[in-house]
Amino acid sequence: MNNTYTIIDHQYDVVVVGAGGAGLRATLGMSAAGLKTACVTKVFPTRSHTVAAQGGIGAALNNMGDGDNWKYHFYDTIKGSDWLGDQDAIEYMCKNAIPAVVELEHYGVPFSRTPEGKIYQRPFGGHTIRQGESMAKRACAAADRTGHAILHTLYQQCLKHDAEFYVEYVALDLIMDEKGACCGVVAWCLDDGTIHRFQAHQVVLATGGYGRAFFSCTSAHTCTGDGNAMVLRAGLPLQDMEFIQFHPTGIYGAGCLISEGARGEGGYLTNSTGERFMERYAPQAKDLASRDVASRAVTMEILEGRGVGEHKDHVFLHLEHLDPKILAERLPGISETAKVFAGVDVTRDPIPVLPTVHYNMGGIPTNHFGEVISSSKEKVVPGLMAIGEAACVSVHGANRLGTNSLLDLIVFGRAAAHRAAEIIRPNAPHKPLKASDGEQAVFRLDRLRHAKGKRKVAEIRVDMQRTMQTHCGVFRNKEHLTEGQKKMSQVVDSFRDVQVSDRSLIWNTDLVEALELENLLQQSIVTLASALNRQESRGAHARDDFPDRDDKKWLKHTLSWLIGKDTKLDARPVHLFTLSDEVTPVPPKPRVY
């Protein structure tokens with residue numbers, strides 16, 4: 001190990017990397033089970049990106065008396081995934097949604113209430129009763145700040161159960177043993193510049209998505225998919241990286257999210273003629289069609305010259321017809337965001353919106369216990385779990401339904417905690433680490449810390465983001481994707497000439513951003529390769545040159561390994577089976593809204 005760095009070792013039963021909703025739910029569950037648990041996070045827990053989740057968390061509680069049932073939720077999620085979701089995992093999520101949300105309420109999440117005092121639920125895109133007969137009110141909401149409410153409550157509960165937090169520590173890489181098992185993680189403490197080796201019987205990656213690979217996204221600047229890149233560098237695959245969700249209502253020019261909850265409360269989209277155009281694209285669901293359908297509809301309106309504004313490059317979202325009291329009670333955050341970022345008073349004027357990158361369906365492949373799998377044969381990687389947006393269970397398949405992201409975090413954070421409690425004996429001894437364990441992580445840090453090239457991190461990052469936005473957007477084809485690969489290869493080459501001006505180890509944000517950029521570049525490479533490889537249109541992956549879904553050839557998950565600048569691809573089957581006989585598998589059929 002490099003002797004110019006101060007190395008500090010720690011031993012825990014479990015180390016969770018990331019303190020968003022998934023990380024905190026896992027940390028809480030593991031601590032409450034008596035496991036010695038550390039949570040390592042690069043931002044203060046209540047600053048994690050889950051705080052930005054707005055509209056609600058999906059669970060078929062039937063609080064609004066609409067006859068909802070978790071089996072309807074199961075069907076809607078399969079249909080939303082365009083049949084690429086694993087139906088055993090979807091069954092697990094939808095069935096466990098109900099006790100998981102009730103637990104959140106008992107922990108103290110301040111959900112909005114019905115007049116009877118039950119959790120308030122609003123309709124959301126793609127959620128129906130009895131396979132599309134009517135819209136389901138399934139989104140359990142705390143006004144339009146649901147993620148904020150959940151995150152703060154979970155953090156309080158973690159403190160109650162004496163979980164240990166290492167705040168403002170940047171995770172660098174996994175520690176893998178010679179047999180391919182994960183035995184820890186290396187992190188850099190920004191506060192004092194020390195390097196820490198966290199040894200654990202189970203490492204849980206809850207590091208979120210990589211939206212910042214794109215120029216326009218709803219993600220926080222911290223959303224750089226650090227866990228995904230750590231997995232790639234450990235020689236493990238990522239899954240379904242071609243599936244990237246564009247949210248139809250990001251604020252034009254800013255990218256900030258206007259929640260689907262706005263349309264759930266009665267908002268609607270119009271084009272330059274004032275037409276409510278979603279009725280043409282989704283005659284039944286209309287403005288509450290799934291996100292991939294709505295994003296493509298908005299994009300088509302713009303491409304066909306019916307956009308609004310000087311450049312006809314966006315559309316309008318209308319809320320001004322709603323009762324101001326409803327807006328103040330149920331959409332206060334949306335109203336404030338529109339005022340700050342668009343200069344719009346939502347009680348008087350429409351909000352200018354445009355599809356913007358919102359969510360990564362792909363990530364680290366896992367089973368429904370949260371355990372990472374390493375191949376098409378679904379072999380479990382000992383000592384390693386992944387949950388939340390960093391993971392690909394896969395419950396979202398080719399397209400995620402609104403409200404299922406918060407649900408994914410909570411259900412599988414909870415599942416990982418249950419699994420860890422089953423397989424780990426508290427305070428079991430660890431094998432001693434070798435002096436060389438974590439050496440590559442420190443070498444990578446040192447290399448970037450002393451980089452003396454000519455190109456600033458921000459310049460290279462913009463090149464990457466524009467390449468991804470242009471060549472891996474809402475609509476794709478072979479020509480665009482191939483050109484994108486060539487440009488991304490040049491961007492990756494230019495990273496060798498990166499300049500990091502600050503040589504210190506204490507709060508060196510220039511170095512942090514260089515590390516994050518390297519992570520984003522590695523994920524961008526496998527995303528472009530996966531998108532070019534999948535020769536069909538399914539969910540959020542829309543190919544102009546292959547406009548139809550092809551279940552005979554492509555009803556399978558993409559696995560991608562990074563080898564230098566190249567990508568090795570393989571596949572694993574979609575699980576078209578369930579865990580119990582309470583529901584029967586849903587065979588693929590045409591997907592219409």
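Let's start with the lining of the largest cavity: its residues split into 4 nonpolar, 2 polar and 3 charged. Here Ala, Val, Leu, Ile, Met, Phe, Trp, Tyr, Cys and Pro count as nonpolar, Asp, Glu, Lys and Arg as charged, and the others, Gly among them, as polar. A word on the source: this is a predicted model, where local features need pLDDT of at least 70 and side-chain atom pairs count only at pLDDT 80 or more, while totals for chains, interfaces and linings use all residues. Residues are numbered from 1 along each chain as its sequence is written, and side-chain values use heavy atoms, leaving out hydrogens and water.

So who lines that cavity? You'll find Ile244, Gln245, Phe246, Arg291, Asp292, Ser295, Arg296, Val474 and Ala540. Two elements give two or more residues each, strand E11 (244-251) and helix H8 (291-303); H8 has the largest share, with 4 residues. Helices (H or I, at least four residues) and strands (E, at least two) are DSSP runs, numbered from the N terminus.

By cavity I mean a set of points on a 1 Å grid over the protein atoms alone where a 1.4 Å probe fits but cannot get out; lining residues have an atom within 4 Å of a point. Points are joined across faces, edges and corners, and volume is the space filled by probe spheres set on them. This one comes to about 60 Å³.

Stepping back, the protein has 16 helices and 24 strands. Of its 593 residues, 62% are buried, meaning under 20% relative accessible area with a 1.4 Å probe, protein chains only. Finally, the C-alpha trace spans about 65 × 50 × 50 Å along its principal axes.

Methods
1 Å grid on protein atoms, 1.4 Å probe; cavity = no way out; pocket = protein on both sides within 12 Å on 5 of 7 lines; lining within 4 Å. Buried < 20%, exposed > 50% of the residue type's maximum accessible area, 1.4 Å probe, protein only.
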